[in-house]
Amino acid sequence: TARSLRGRSSILHTRAIPPTVPCPRSTFCIQLAKQHKNMAAMDAGTPSTKQRVCVVGAGPSGTAQLRAFASAKSKGVEIPEVVCYEKASEVGGLWNYTWRTGLDANGEPCHGSMYRYLWSNGPKEALEFADYGFEEHFGKAIPSYPPREVLFDYIKGRIDKSGVREWIQFDTTVRRVTYDEATTQFTVVSTCGGVESVEVFDFVVVCSGHFSTPNVPEWPGFPKFEGRILHAHDFRDALEFKDKDVLIVGTSYSAEDVGSQCYKYGAKTVTNCWRTAPMGWHFPDKFSTKPLLTHVEGSNVFFKDGTSQHIDAIILCTGYKHHFPFMAESLDLKTANRLWPDMLHKGIFMQTNPKCMYIGMQDQWFTFNMFDAQAWYARDYILGKIAMPSAADQEAEFNTWREREGTLEGDEENIRFQADYLQDLINDTDYPMFDIEQVVQLFLEWEHNKHGDIMGRWGAEGWVGA
């Protein structure tokens with residue numbers, strides 16, 4: 001049985017499968033699998049009582065979970081064995097930029113939606129780790145709106161300081177996660193370099209994010225459009241659209257940022273069309289706003305107001321899906337992108353099985369520090385420091401937050417809702433407290449400045465217009 005085989009490595013079996021694309025670490029992966037198989041054979045008669053935790057993904061959410069366990073270990077707490085599976089060859093998740101689209105180097109769907117010239121569109125002070133500041137990492141003060149390379153380096157810096165890289169299996173894709181009610185354990189199937197491994201865990205924490213599977217609507221005429229159509233997931237370099245007439249479909253952060261990128265790098269015109277409401281920002285003259293498109297004919301796009309115009313490229317900034325095809329049906333999170341996701345107690349635990357957890361699945365104002373707060377809370381549940389309430393109490397708490405979510409109007413109420421959620425999590429753990437109200441004020445000032453001049457910047461003298 002799975003329980004009788006559960007030794008130090010908890011490997012059930014490994015087998016070679018034909019790889020679609022050679023893995024750059026395939027030799028290492030095969031050697032590692034052989035080592036695990038030998039250990040399992042030796043230890044089959046001496047099962048371990050140490051619990052095991054599987055973390056899926058080593059982006060900001062996954063590394064937050066690793067850091068949470070490392071923090072407890074540094075304080076003398078005995079922690080479970082933690083294994084993190086990361087399909088890329090480096091940490092960082094979306095912040096690990098790749099020029100690739102479609103498939104990655106291992107033949108897997110590209111996870112990243114990062115583009116080459118991205119800069120943070122929110123103040124770095126609002127996402128700073130409470131236990132590892134920007135000045136600690138860089139040794140000096142840095143601007144509030146850094147480029148992607150700076151934030152990527154910051155994420156890696158905390159991982160290196162924490163000493164948790166050895167917990168991460170890179171170039172490894174999770175294929176299937178199932179749960180056995182009889183053993184109360186999970187079976188995780190993964191592949192690396194053409195080698196399939198099956199391991200058993202007591203807890204699973206899904207940290208693979210929800211900004212990788214694009215929501216791609218279609219309009220009449222798309223198949224014969226005489227230009228380029230892409231989703232923001234595949235947007236890499238705005239220089240591709242120099243001297244082009246670009247249509248941006250959507251009104252959220254991707255739409256405003258991709259449109260701004262195209263403008264800055266020489267697009268002839270940028271048109272934004274909306275479904276529910278226009279963005280309302282004061283854009284430069286090259287920008288125009290239209291209601292939603294209705295159809296396409298050749299290189300002409302038609303809109304609901306009866307107008308049409310020539311377009312060279314359509315960029316769909318139409319959001320992403322919560323998509324976890326590797327999770328068994330009973331463990332699969334199905335929710336819209338909202339502040340209070342469906343199916344999760346405390347925005348973390350599957351209500352039907354709290355041993356299965358999800359980090360970072362909310363619509364987000366707070367990011368890195370919210371992932372941390374969730375990871376610390378999940379850790380303390382795993383360590384037995386936080387008890388899981390009854391199903392009835394979980395449902396009551398869920399409904400309280402959901403009802404409040406339904407009353408929210410405007411940016412400030414949304415920000416304060418998530419700030420209160422963050423505070424609620426931190427209250428029950430030893431995550432370092434930070435000034436959440438100050439972060440709220442930063443967000444409010446940021447939104448105010450955007451309404452004044454979205455193309456401006458924050459300088460020593462304050463907000464400077466473009």
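Biologist: Which residue in E21 stands opposite Val-205?

Modeller: Met-357 in E21 stands opposite Val-205. Before we go on, this is a predicted model: local features need pLDDT of at least 70, side-chain atom pairs count only at pLDDT 80 or more, and totals for chains, interfaces and linings use all residues. Residues are numbered from 1 along each chain as its sequence is written, and side-chain values use heavy atoms, leaving out hydrogens and water.

Biologist: In which sense do E8 and E21 pair?

Modeller: Strands of a sheet pair through backbone hydrogen bonds, either parallel or antiparallel. Here, a pair needs at least two bridges found by DSSP. E8 and E21 pair in the parallel sense over three bridges. E2 and E8 are also parallel, over four bridges. In that pair, Val-53 stands opposite Phe-203 in E8.

Biologist: Which way do the side chains of E8 point?

Modeller: In a regular strand the side chains alternate between the two faces of the sheet. In E8, Phe-203 and Val-205 point one way, Val-204 and Val-206 the other. All four are buried. Buried means under 20% relative accessible area, exposed over 50%, and partly exposed in between (1.4 Å probe, protein chains only).

Biologist: What is the order of the seven strands in this open sheet?

Modeller: Read across: E4-E3-E2-E8-E21-E20-E19, with mixed pairing. E4 (168-169) and E19 (344-345) each have a single partner strand, so one side of each has no neighbour in the sheet. E19 joins E20 (residues 349-350) by two bridges, running antiparallel. There, His-345 stands opposite Phe-349. Helix H7 (residues 368-382) packs on the sheet and touches E2, E8, E20 and E21. Its direction makes about 155° with that of E21. Angles run from 0 to 180 degrees between N-to-C directions; axes are lines fitted to C-alpha atoms, for helices over the stretch in contact.

Biologist: What is the strand order in the open sheet of five strands?

Modeller: The order is E10-E17-E11-E12-E13, with parallel pairing. E10 (228-231) and E13 (287-291) are the edge strands, each pairing on one side only. The twist averages 20° from one strand to the next. E11 and E12 share five bridges, and Val-249 has Cys-273 as its bridge partner in E12.

Biologist: What does Thr-318 contact beyond its neighbours within four places in sequence?

Modeller: Contact means heavy atoms within 4.5 Å. Thr-318 is in contact with Asn-215, Pro-217, His-231 and Val-249. Thr-318 sits in the loop between E17 and E18.

Biologist: Which side chain makes a polar contact with Arg-165?

Modeller: A polar contact is a pair of N or O atoms within 3.5 Å; within protein, one must be able to donate a hydrogen and the other to accept it, and residues adjacent in sequence count only if both atoms are side-chain atoms. The Arg-165 side chain meets that of Asp-160 at 2.6 Å. Arg-165 lies in the loop between H5 and E4. Arg-165 is partly exposed, at 27% relative accessible area.

Biologist: At what angle do H8 and H9 pack?

Modeller: Under 35 degrees counts as roughly parallel, over 145 as roughly antiparallel, 65 to 115 as roughly perpendicular, and the rest as oblique. H8 and H9 pack at about 155°, with axes 11 Å apart. They are therefore roughly antiparallel to each other.
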